[in-house]
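Here are my notes on this one, in numbered points. Have a look at the model first, then read on.

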Amino acid sequence: MSFFERLKTEASVEWRAYTEHPFTNGLADGSLPEAAFRHYLVQDYLFLIEFARAYALAVYKSPRLADMREAAAGLSAILDVEMNLHVKLCAEWGLSPSDLEQAPPAAEMLAYTRYVLDAGMRGDLLALKVALAPCVIGYAEIATRLASRPAADAASNAYRVWIAEYAGVPYQEVAAKARTHMEHLADLYATPAREAELIAIFKEATRLEADFWEMAWRTGQAVA
Ligand SMILES: Cc1ncc(CO)c(N)n1
């Protein structure tokens with residue numbers, strides 16, 4: 001079993017709660033209340049700014065030049081590609097990038113990003129990549145599952161652009177590379193004695209991902 005498969009198996013309860021959260025099913029069939037999606041997307045913009053910082057930390061934590069290039073590519077994928085989706089979708093609500101940047105940060109967004117940054121700050125590059133894995137690799141898995149649903153790309157589904165972005169080849173390639181790189185780091189640095197620590201990091205980051213959906217999901221319930 002690969003390192004990533006072992007992490008997922010150890011965190012299977014948390015992984016299911018995250019990847020099969022009702023919010024994701026609401027995206028697939030278009031039934032998610034718009035208020036929930038909007039709250040999510042604004043907080044996700046702030047999240048991505050902090051994640052870009054985590055990738056910058058990964059540049060710093062890189063033992064080798066090849067690791068550094070990998071982290072720099074991750075940083076660029078966020079700043080130059082992924083955030084454009086948020087800017088484009090939020091413009092439809094009349095929100096500018098500076099409105100987004102000035103939005104009040106939610107506790108769940110802060111909890112998750114602080115956790116990842118701290119795991120990376122006190123740990124090595126592998127610990128940081130394990131903390132980032134539920135995000136990068138998880139979204140690729142979620143979007144692939146959602147895209148297989150018939151309603152996912154219906155013209156009536158307001159969330160089809162979001163699904164197509166994460167299910168699309170460029171994002172899937174970023175996620176596949178992140179996974180391969182993490183496996184490589186695990187071969188080099190994951191000893192049996194460290195496995196429990198790495199599993200704990202993966203579990204916690206996965207739980208914080210589910211909390212992120214839950215935060216936005218609650219907004220939708222409050223309005224509905
Ligand atoms: C909360 C969250 N997790 C993962 C991703 C994928 O980059 C994202 N944009 N937001």
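1. A definition to start: two residues are in contact if their C-beta atoms, placed from the backbone, lie within 7 Å. Among contacts in the protein between residues at least 6 apart in sequence, 80% join residues at least 24 apart.

2. Some housekeeping. This is a predicted model, where local features need pLDDT of at least 70, side-chain atom pairs count only at pLDDT 80 or more, and totals for chains, interfaces and linings use all residues. Residues are numbered from 1 along each chain as its sequence is written.

3. On the fold: the protein has eleven helices and zero strands (DSSP runs numbered from the N terminus, H or I of at least four residues for helices, E of at least two for strands). Its radius of gyration, taken over C-alpha atoms, is 17 Å, close to the 17 Å that the globule rule gives for 224 residues, so the protein is as compact as a globular protein of that length. That rule is 2.2 Å times the number of residues to the power 0.38. Along the principal axes, the C-alpha atoms fill a box of roughly 50 × 35 × 30 Å.

4. Now the inside. Of the 224 residues, 41% count as buried, meaning 20 or more other C-beta atoms within 10 Å of their own; exposed is 12 or fewer, and partly exposed is in between, with C-beta atoms placed from the backbone. The largest nonpolar core has 69 residues, of which Leu128, Val130, Ala131 and Ile163 touch the most other members. α8 gives the most to this core, with 15 residues. (Such a core is a set of buried Ala, Val, Leu, Ile, Met, Phe, Trp, Tyr and Cys residues joined through C-beta atoms within 7 Å.) Beyond residues up to four places away in sequence, Leu128 touches Ala54, Leu57, Ala58, Lys61, Ala119, Gly120 and Gly123.

5. Which residues are around the ligand? They are Asp44, Phe47, Leu48, Glu82, Cys135, Val136, Tyr139, Glu209 and Phe212, the cut-off being a backbone-placed C-beta atom within 6 Å of the molecule. α4 (34-60), α8 (125-147) and α11 (192-223) each supply at least two residues of this shell.

6. Is Asp153 buried or partly exposed? Partly exposed, because 15 other C-beta atoms lie within 10 Å. Leaving aside neighbours within four places in sequence, Asp153 is in contact with Arg160 and Ala164. Asp153 and Ala28 are 125 residues apart in sequence, yet 8.4 Å apart in space, C-alpha to C-alpha.
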